[in-house]
Amino acid sequence: MSSLHLAILLPFVFVVIIPLLYKYTRAIHTGWIALSVPVALFVYFIQYFSIHEAVEPITVSFPWIPSIGIHFSLYLDSLSLLFALLITGIGSLVVLYSIFYLSKDRERLNFFYAYLMLFMGAMLGSVLSDNLMVLYSFWELTSVSSFLLIAYWYQRKRSRYGAQKAMYITMMGGFSMLLGFIILYVISGTFSIREIIAAGDSLTSHSLFIPAMFFILLGAFTKSAQFPFHIWLPDAMEAPTPISAYLHSATMVKAGVYLVARLTPIFGAQLEWSWTIIIVGIITLTMGSFNALKQYDLKALLAFSTISQLGLIMSLLGVGSLALNKGYAEHSLVFVGALVAGIFHLINHSVFKGSLFMMVGILDHETGTRDIRKLGGIIHLMPISFTLTMIGAFSMAGLPPFSGFISKEMFFISLIELTENTSSWAAIIPVIAWIASIFTFIYCMIIIFKSFTGTYHADRLERKPHEAPFGMLASPAILSLLAIALFFFPGLVVTSILEPTVKGMAPQVFAVHPDWHTHVTAWHGFSLELVMTIAIVIIGTFLYRRIEKWKGPVFELLPKRLNLFTLYDKSLITMEKTATSITKSYMTGSTTHYLSYIFGFLIVIVLATLFGTGAFRLDTSQDSPIEWYELMIGIATVIAAVFILFSTSRLMSIMGVGVVGFTVSLYFVIFRAPDLALTQLVVETISTTLFLLCFYFLPKMKANVESIRFKLSNAIIAIGVGLTLTLMGLSAYGYRLFEPIAEYFTNSYELAGAKNIVNSLLVDFRAFDTMLEIVVLFSAGIGIYTFIKLRYAGRNE
Amino acid sequence: MKFTDVYLQTATKILVFLIMTFSIYVLFAGHHNPGGGFIGGLITASALVLLYVAFDLQTVREVIPVDFKKLAAAGVLISVLTGVGSLVLGVPFLSQTFRYFDLPFLGKTELATALIFDLGVYMCVVGTTLTIITSISEDDI
C-alpha cells in the first residue's frame, strides 16, 4: 500500500463516513465535509506537478488476485496526472458549487455526496490503474455511480429514463471492453498495460488483435458519447447541474478519450484504429454541433456541444495515432502535433464546459427556467454571470483571447496536414470540420445572446432574477480565469503535461526523434487556419443573425423517423415485445407441451448420439434363449399395456396397470428374484388400491368417460421414446466393458454372515442407500399426513 | 346402526395372529432367506389393515394405542443410530458386524447388527404405511 493507493481509497472511505456524519451534522451543509476530499486529493496530486518538468512515472503495485495476474497496480505518468488533476480540481469546484446549488433542507445530501465520492474514487481508479482488470472494475463503478447520480431525483420519470438509458449503453460498451481486455490477456499473457506496450509488435500479428481493438473501441465510444452511442448524454441532463458539469462534461465522458490515449501505443500503428477514430470523431463533431442548434433547453444544447467537442478530441487522437503507422513514418512528427492539440483541447474543454454548465445551473437557479425562448434581457440584472458565460462560450467557439482559440487553431492545422500527408480523399475532412466549427460558433452565440440580451419578459420567468451568490459564482470564475490564463500562458501545461503525455502515447516515434519539442503559442502568423477562423466568425455571425429564418425549414427537412433517439426507444419496445411473444409461444403453461419438449429433446439427443458416434450395435450372441413361459408373460404384459391405451374407462385402465404390475412380479419370479417378487406384489396391490381411491373421488361433473384422444404428435413422441430407449438398451447390452462385480457379493455369508445376498446388500454392503430410502418413505408418509390434516388450517383463521 | 360382520371379525381374530407371525418370521428370516424389513413391515401393516377393515378405526386405536407417525420416526432414528454407533466405535459409518453366540434354548445363534438396522426399516415401513392409510380413511370429503 502506497500513498497513491490510499489516495484512491480515500473517497471510498468517505462514501461510508458521509452518511454517518450526516445525521449528526445537520446544522452545516454536508458538502463542506465532502469538499475536504477533492481538495486534499488535489493538493496531493499537485505535488507531482511542476511547470518546468514532467512527472517521473511512478508504478506501485499491491497484490489483489496474484494467481491470475490481477494486481491493484497504479501507474502515474503525465496523462494520468492530467486526468487526476482534472478530476480532483474540477471535483473541488463542483462540490463547492453544489454547496450553494443544492438546498440543505430539501435534498437528501447524504446520498448525493456519497454517490459523488463513489464516482470520484472510481474515476481516479480508472485513470491511474495499470492493470486492465482493475481498470475495468473502476470503469464499471463509474457507470454505476453515474447511474445513481442521474437518477438522483428518482421521483421524476425522465430522470429514471435517462439513468436507465445511460446504464444500458455504457454497460454494453463496458462488457464489450471487458471482452477486448480478455482477448488482450490471451494474446499477451498479462493484464498490465505497461507490459502489453512493451510486448510491442509481437502482438499485432495475432488474428484476434483487430477484434480486441474494436471491442475496446466500442467501450471507449459508448463512454465518451461518440456517434451513434451519443444518445444517452442528452437524456443524462436530468441529473442535478453540478453532476452534469462534473460527470457529463469534464470527467466521465473523457474516460473513453483517456482509454484511447492510453492504448494508442498498443493499437496506434493499425490503420483501422486511426481511421475508425477519425471518422467516428468527425461524424460526432458535425452531428453534435448541428443538433445543438436545434435545442431550446440550454442543458440539452450543452449536452450536444459536449458530444461535438468529444468528437473533435477523438478525431485529433485518431489523426495523431497515424504517427505510429509505419506507412507514414516520414510524417510522424507532423501527426504528433495532432496529439498535442487533442490533449490540449481536452484540458480546455474540461475548463470551459465545466464553467458553462455551472453558469446554466445558475441561470436555472435564479430565473427558474433553462429555456432560451423564455430567457433574455437579463444582462443588466446578472452582469457577472453574463461575463463568465461569455468567457466560456467564446472559448468554446474558439475565439481569442481564450484558450479554446489555440486548440481550435491546432485542430485545423492537424486536419490540413492530414490532408496533405495522406490520401487525397481525406481533403473532405477539414471541410466538414470547418462547417462543424461554424455550427459551433452559432450555438455558442445562442448561449450568450439568446439568454442574456434581447428583450426582458418578466412574466415568462418564474422568479425575479438577480445576481447569484458569490459562493456559486466562485467556481465558474476560477475556471474562466483558467481559460484566459491558458491563452496567454500555454506554457503552463506544455513541458509538464503535453510533451511527456505525447511522448508516452507514441514512444516508437520518439525513439527516433529524442529531442522533439512542441510549441504552443497563441499567435503563429498569418496562415490558412487563421483565415478559416476569420471565415467562421464572419459566416457564423451572418447565419446567427438570420437564424430564425433558416432554422425551422432546415430542421423540418430532416426526416423525424431517422432519429437515433426514436430508434433506441423503438428497439427497446420491439425487443421486449419479441421476447414476450417468444416466451409466450412456448411457455404455454400446459404440462403436455413441456413433457413433449423434454421427450422430444431426449429422442433427438440420444438418437443423434447413438448414430452420430456409431455407438449403436446389435449383438445377440450373448443373449439367452427365450423360453415359452417368458414369451407368454411378455405377450400378456403387452396386451395389458395396449389395453390401457385403448380402454374407454378409467377403471379398466387401472385394472390394466394392475395386470402389468403383476406380470412384472411374475417376471421376478421366473428370473429368480423372490425378494423383488414379494415386494412388487404387495406394492402393486397398494398402488392399485390408491388408484381406485383416486378414481372414486373424481368430480361427478367432468366424469364423462371417454377414450384417450388421438394426437399424431403425441403418438410420434411416444413411439419415438420407446424406440429410442429400446435401441439404447440393446446397444448398452452389446457393450460389456467390465466384468460385473457380482462375484464379490456371492461371498456374503463369509463377509456379512448372510445367505440372502439381496438382503445383505440392502442392510450391510449398501445400507446407506436403504437408510436414505426409508427417509424418503417417511417423508412421503408425513407429506400425505400434512396434506390431509392441514388442509383447512388457513381457512379457519 | 352399526354394521357388524361376525364372520369377518371372527376370521380376522385368528388370521391377524397368523399374518403377524408370518411377518415376524419374514423379518428375521431375511438374513438367510427371501424377506427382510421392508416386506416384513408391509405384511404387518396388512394385518393391521385387516383389523381396521373388520372393526372400526376407533376400536383398533384403543386396542393398539400406537402413534404410527412416531413409530415411523423411531424406525428411521434406529437405522441412522446404527450408523452412528459404528462411528462411535471408530469404524466407517454404517459398518455392520455379526457374531455367533450360544444362547439358552436357541443354541448356537448368529446375531448381526444388520438386524437392528432391518428392525428400523421394519418400523418405518409399518409406521408410514399405516400413517398414510389411516389419514386417508379418516378424511371426510
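**Figure 1. Side chains of A:Asp77 and A:Arg262 meet in a salt bridge.** The N to O distance is 2.9 Å in this predicted model. The pair ties together distant parts of the chain, 185 residues apart. A:Asp77 sits in the loop between strand 4 (74-76) and helix 3 (78-101) of chain A. A:Arg262 belongs to helix 12 (residues 255-267) of chain A. Side chains of opposite charge can pair when their charged atoms come close. Over all chains, the structure holds eight salt bridges.

**Figure 2. The loop between helix 9 (209-223) and helix 10 (232-235) of chain A holds A:Pro228.** The peptide bond from A:Phe227 to A:Pro228 is cis. Its omega is near 0 degrees. A:Ala225 lies in the loop between helix 9 and helix 10 of chain A. Its phi is positive, about 55 degrees, although A:Ala225 is not a glycine. Most residues other than glycine have a negative phi, and most peptide bonds are trans.

**Figure 3. Chain B and chain A bury about 3200 Å² between them.** Carbon and sulfur atoms carry 74% of that area. The elements of chain B that give two or more residues to the side touching chain A are helix 2 (37-54), helix 4 (68-88), strand 1 (98-103) and helix 5 (113-138). Helix 5 of chain B supplies the largest share, 13 residues. By residue class, this side of chain B divides into 20 nonpolar, 13 polar and five charged. In all, the contact takes 38 residues from chain B and 37 residues from chain A.

**Figure 4. Polar contacts link chain B and chain A.** How many residue pairs are in polar contact between chain B and chain A? The count is seven, with both residues of each pair at pLDDT 80 or more.

Figure 5. An unreviewed UniProt entry assigns residues 8-131 of chain B to "domain: Na+/H+ antiporter MnhB subunit-related protein". Over residues 8-131, chain B is 70% helix and 10% strand. The end C-alpha atoms of that span are 24 Å apart. The UniProt annotation "transmembrane region" (unreviewed entry) covers residues 6-28, 35-55, 71-94 and 115-136 of chain B. Residues 6-28 of chain B are 100% helix and 0% strand, with end C-alpha atoms 33 Å apart. Residues 115-136 of chain B are also 100% helix and 0% strand. There the end C-alpha atoms lie 31 Å apart.

**Figure 6. An annotated domain and the domain division of chain A.** The UniProt annotation "domain: NADH:quinone oxidoreductase/Mrp antiporter transmembrane" (unreviewed entry) covers residues 129-422 of chain A. Over residues 129-422, chain A is 75% helix and 0% strand. The end C-alpha atoms of this span are 35 Å apart. A domain assignment divides chain A into domain 1 (333-556), domain 2 (588-734) and domain 3 (766-797). How many Å separate the centres of domain 1 and domain 3 of chain A? Taken over C-alpha atoms, the separation is 77 Å.

Key
Residues are numbered from 1 along each chain as its sequence is written. Chains are lettered from A and ligands numbered from 1 in the order in which they are written. Side-chain values use heavy atoms; hydrogens and water are left out. UniProt positions are given in the numbering used here, feature names are shortened, and annotations may be inferred rather than shown by experiment. Helices (H or I, at least four residues) and strands (E, at least two) are DSSP runs, numbered from the N terminus. Contact means heavy atoms within 4.5 Å. Buried area is the accessible area (1.4 Å probe) that two parts lose on being put together, summed over both. A polar contact is a pair of N or O atoms within 3.5 Å; within protein, one must be able to donate a hydrogen and the other to accept it, and residues adjacent in sequence count only if both atoms are side-chain atoms. Ala, Val, Leu, Ile, Met, Phe, Trp, Tyr, Cys and Pro count as nonpolar, Asp, Glu, Lys and Arg as charged, and the others, Gly among them, as polar. Domain bounds come from an automatic or database domain assignment. A salt bridge is a side-chain nitrogen of Lys or Arg within 4 Å of a carboxyl oxygen of Asp or Glu.
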